[in-house]
Amino acid sequence: MASTGEAAAQSRIRTVLVLDDDERTLTAMARALRHSRKVFTASTTHEAQTVARRERPDLIVVDLRIGQHSGLDVVRQLKAELPSSLFALVSGYLTVDATVAAVRAGADVVLTKPVTGSEIMRRVEDKSAESLEAETPTLAQAESEHIARVMADCNGNISEAARRLGLYRSTLQRRLTRLGHRS
């Protein structure tokens, strides 16, 4: 049974726009978010801006990196145009700096990939129902975030990241696979 806060958030979020340059992610997110919602997808920033201006979605889910473009710029621009929309920024290579920048740009929630549509909705619902509580990350979350930060610092170069982490390249590749990061 849904709580009052969840029911209010679910009734508020009737339309969702998902922006990601990975077609598989778009398809999976659209399928997961369709439950009693209209979902639009876009694989380019231009397409997302056009759809957002036309449809005025209640929730906009944006990947941090869309080809050569930054999802932060999309969030910043669309938040100014659609201040009542909620924004969720997702990334496979999230860092503390990127998270701070995302919040400053207007993201309501920031999540690390892989993330499910139901997890995004849960976090958006929690955010709209109550203030964000500080959570102590698990060891696996801390490891994942640290590896993601080092990978981002190395521009995705696994050999360089492995050197900086003091790991064999094959060990880092196994951990990336286990953590669900794209290598």
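Helices here (H or I, at least four residues) and strands (E, at least two) are DSSP runs, numbered from the N terminus. Angles run from 0 to 180 degrees between N-to-C directions, and axes are lines fitted to C-alpha atoms, for helices over the stretch in contact. Keep in mind that this is a predicted model, where local features need pLDDT of at least 70 and side-chain atom pairs count only at pLDDT 80 or more, while totals for chains, interfaces and linings use all residues. Residues are numbered from 1 along each chain as its sequence is written, and side-chain values use heavy atoms, with hydrogens and water left out.

Two strands count as paired if DSSP finds at least two bridges between them; strand 6 (residues 86–91) and strand 7 pair in the parallel sense over 4 bridges. If you want a spot to look at, find Ala 88, which stands opposite Val 109 in strand 7.

Back to helix 4, which has a helical partner too. The axes of helix 3 (residues 45–55) and helix 4 come within 11 Å and cross at roughly 15°. Helix 3 and helix 4 are therefore roughly parallel to each other (angles under 35 degrees count as roughly parallel, over 145 as roughly antiparallel, 65 to 115 as roughly perpendicular and the rest as oblique). Who makes the contact (heavy atoms within 4.5 Å)? On the helix 3 side there are Thr 45, Gln 49, Ala 52 and Arg 53, and on the helix 4 side Val 74, Gln 77, Leu 78 and Glu 81. These residues divide into 3 nonpolar, 3 polar and 2 charged.

Another helix pair is helix 7 (residues 139–153) with helix 9 (residues 169–179), packed at an angle of about 120° with their axes 11 Å apart. Helix 7 and helix 9 are therefore oblique to each other. Helix 7 brings Ala 140, Glu 143, Ser 144, Ile 147 and Met 151 to the contact, and helix 9 brings Leu 172, Arg 175, Leu 176, Arg 178 and Leu 179. By class, that gives 6 nonpolar, 1 polar and 3 charged residues.

Most residues other than glycine have a negative phi, and most peptide bonds are trans. Yet a cis peptide bond, with omega about 0°, joins Lys 113 and Pro 114. Pro 114 sits in the loop between strand 7 and helix 6 (117–129). Lys 113 is also touched by Thr 25, as is Asp 20, not counting residues up to four places away in sequence. Thr 25 belongs to helix 2 (residues 23–33) and counts as buried, at 17% relative accessibility.

Arg 56, in the loop between helix 3 and strand 3, has a positive phi of about 50° although it is not a glycine. Asn 155 also has a positive phi, near 55°, and its place is in the loop between helix 7 and helix 8 (158–165). At 71% relative accessibility, Asn 155 counts as exposed (buried means under 20% relative accessible area, exposed over 50%, partly exposed in between, with a 1.4 Å probe and protein chains only).

Terms used. Contact means heavy atoms within 4.5 Å. Ala, Val, Leu, Ile, Met, Phe, Trp, Tyr, Cys and Pro count as nonpolar, Asp, Glu, Lys and Arg as charged, and the others, Gly among them, as polar.
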